[in-house]
Amino acid sequence: MKVGATKSSAGFVPYIPAARSLPELTVFAVILGIILAIVFGAANAYLGLKIGMTVSASIPAAVISMAILRGIFRRESILENNIVQTMTTAGEAVAAGAIFTLPALFLWNLTPGQAVVSFIVLTGGFLGVLMMVPLRRLLIVNEHHTLPYPEGTACAEVLISGETGGKTAWLVISGFAVGGLFKALGDGFLLFKTEIETGIYRFKNALIGMDTFPALLGVGFIIGPRISGQMLAGGVLAWTVFTPIIGFFGAGTAHPIFPGTEPIGKLDAWGIWDSYIRYIGAGSIATGGLITLVRTLPMLFASLRDTLKGLQRGNRVQTIERTAHDIPNIWLFVGVVLLILVIAFSPLTDVGIIGGIAIAVFGFLFVMVASRIVGIVGSSSSPVSGMTIATLLIVTIVFKLAGVTGMVGMAASLTVGAIVCTALAVAADISQDLKTGYLVGATPWKQQLAMMIGVIASGLVIGFVLVVLHQTYVMGSPELPAPKAVLMKLIIEGLMAGNLPWDLIFIGAASAIVIEFLGLNSLTVAVGIYLPIHTSMPIMVGGIIRWLVERFAKSDGAKKVRIETGTLFASGLIAGESLIGVVIAVLIWLKVQLPNQVAIPNGLVSLLLFAAVALLLWFVSVRAKQER
C-alpha cells in the first residue's frame, strides 16, 4: 500500500481502518519506547553538542522496534511499532531543546543541577505536546493532501513495508556495532588517534584536519553532498581565509587585541580560532538564523491565519471513530495553565510572571507555526533556532527594561528560551508522528500519551547526560563546542551588558549576508564557519559517498533503495558512536581508570580505519540493489 495516495482527506482510509483494533499502547511498546527514547536522546545530545544538529530517530527506531517486537517476541501489530517510534522521537526532540540552549548555563559557570535541567525540558516538552494536540484535526486530517509531513510519511512507508519482516533492522544494528567499536577503541582505549591535522606549506596559520568519526560520516551521508559541501565551505573560509588574515595583519602587534588575551603573533591557528573566529562564526549563525526566519515570515503569517481559521471551523466537528480520539480539550487547557503557573512561580527557574507570560505567548504562537511549517519543509529544515533567537531577543530586552539584569536576568532569559525551544522541537516531532499515526491508523490519544511518556523518560535522564558531558569534555571546548548554545549565550550577553566584540560579530553577519546573496544556505555555511574544519571534513566525505551512490544508480528505484539502505546503516553509525561517547564520559565521571596515552599516535592508522568504514558504508549502500 502506498501511503498518502488518497487525494481527499474526507475519504481517506488508513492502513489499519478505524473499525479494526490492534494492540497499541502495550507494556512491550512502552518499555521498548522508553529504552530507545533514552538511548537516542543521549546519543543526539552528544552529537548536537559536537556539531550543532541532531538526526531523526523515527525510522531507525521503527526498524529496531519491528526487529524486536516482530522478530523476537512475534508480535505483529504495526500500531505497537508506531508507539515505539513516537516515544523515541520524544528523546531526540528533548535533546535538541536542551543542547541548543542549556549549555550556556554551564558556560556561565552556573552549573545547573539535574533537577533544573529536567524541569526545564519536561515543562517545555509537555507544553509542546499539549499545545499541538488541538491542531491535529486541522493540520493532519483536514490538510492531509496539502501538508505532506515528509518525515512522518516516510516513517509510515517504513512501518507498512516492514509488515513483511524486520530484516532491515540489521542495517541499523550493524552500523551501531561499527560506530560503537570505533569510538571505544579510539577514544575509550586510546588505541589510535581520532583527530588528524596538517598545516599548508608556506601558508602560515592555515590548517586543515579531520575528526575520523564514523558518526560524522553518517551525518554527511544523511544530509547529502550539497549541505555537506556548504558546511565544508564555511570551514574552508574560516581556516584558510579568516585565520591566516588575522594572523598576517596581527603578527606585528605587541599587545593583545580584544577579545584575545595574548598578542596575535604568539597564537597558532587554534588560538586564533578560539579568540576571534568563534565570534565571527557566532555572528554568521545568528544572522543566518534570522535570515531563515525572515524568509519564512510569509509562511509564518499564512500558517497562523489558516490555523486560527481552521480551529474555529474544526472545533464544531465531532466524531467518535477510534482514529479521531484526541486527549480531551479540557485536559489540554488545564494542563497548559498549570504548567505556565508552575513555571512562573517555581524557585527552580525563577523566571517570574514575565517569563511565564512570555512562554505562554511565544510557545503558543511558534508551536502553531512550527507544526505547520514542518508539514511543508520537514523537521530538519524548520527554523527552530531562528524562532528561539527571536524569543531571546524580545525576552531579554523585556527583562532588562523591567530591571531584571545581570546574571539573574541572563539566566532567566535563557530559561525562557530553552523552554520555548524544547516546546518547538517536541511540537515539530509530534506533528510528524501524528502524520505517521494518521496514515497507519493509530489512536491519536494513545500516541499523544506515548509522546509525553517519552518526554518524561528522556527528560529525567538528559540532565545527568549534560552534567557528565560537561565534567568530562567541558562545554564550549573543541571537543564539545556546543555552537547553538554559545550563540544564545552571546546574544543574551550582548543585549544585557554590551561588552561583545561587535566588529567580529558584524564581520560574521556580513559574511552570512554575502553567502545568502550567492544562493547558498547562509545558516549551513555559518555552522561550518563556527565549527572546526575537522568536523566538516568527515561530513563532506559522507556526502561524497552519497553522491557516488546516487550517481551510479541505473534507475530511480535502485537509487531509492540504495539511499534508504545507506541511511539506515549511517543512522546506526551515528547512534553507536554517540552512545559510546556518552558511556565513556560516564566511566570517566565515575573515575574508572582508562588509558591516558594514545598507543598508536600515527594519524595514518586512524585515517586508514576511517577510510575502511567509509568503504563499508558505500558497499552496504550499493549492494542493496543486488539484494532487492
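Analyst: A crossing of two helices is called left-handed if the near helix is turned anticlockwise from the far one by less than a right angle, and right-handed if it is turned clockwise. The model here is predicted. In it, the crossing of α1 and α2 is right-handed. Helix α1 covers residues 27-51 and helix α2 covers residues 58-72. Their axes come within 11 Å and cross at roughly 140 degrees. Because angles over 145 degrees count as roughly antiparallel and 65 to 115 as roughly perpendicular, α1 is oblique to α2.

Next, the residues that make the contact. From α1 they are Phe 28, Leu 32, Leu 36 and Phe 40. From α2 they are Pro 60, Ala 61, Ile 64, Ser 65, Ile 68 and Leu 69. Sorted by kind, the residues of this contact comprise nine nonpolar, one polar and no charged.

Lys 489 lies in helix α17, which covers residues 483-497. Its relative accessible area is 15%, and buried means under 20%, so Lys 489 is buried. Leaving out residues up to four places away in sequence, Lys 489 touches Ala 104, Leu 107 and Trp 108.

Helix α20, residues 533-551, gives a check on length. Its 19 residues, at 1.5 Å a residue, should span 27 Å, and the end C-alpha atoms are 26 Å apart, so the two values agree. Among the buried residues of α20 are Ile 533, His 534, Pro 538, Gly 542 and Arg 546.

Technical notes. Residues numbered from 1 in each chain as written. Predicted model: local features only at pLDDT ≥ 70, side-chain atom pairs only at ≥ 80, totals over all residues. Heavy atoms only, no water. Axes fitted to C-alpha atoms, helices over the stretch in contact; angles between N-to-C directions. Helix = DSSP H or I, 4+ residues; strand = E, 2+ residues; numbered from the N terminus. Parallel < 35°, antiparallel > 145°, perpendicular 65-115°, else oblique. Contact = heavy atoms within 4.5 Å. Nonpolar A, V, L, I, M, F, W, Y, C, P; charged D, E, K, R; others polar. Expected span 1.5 Å × (residues − 1). Buried < 20%, exposed > 50% of the residue type's maximum accessible area, 1.4 Å probe, protein only.
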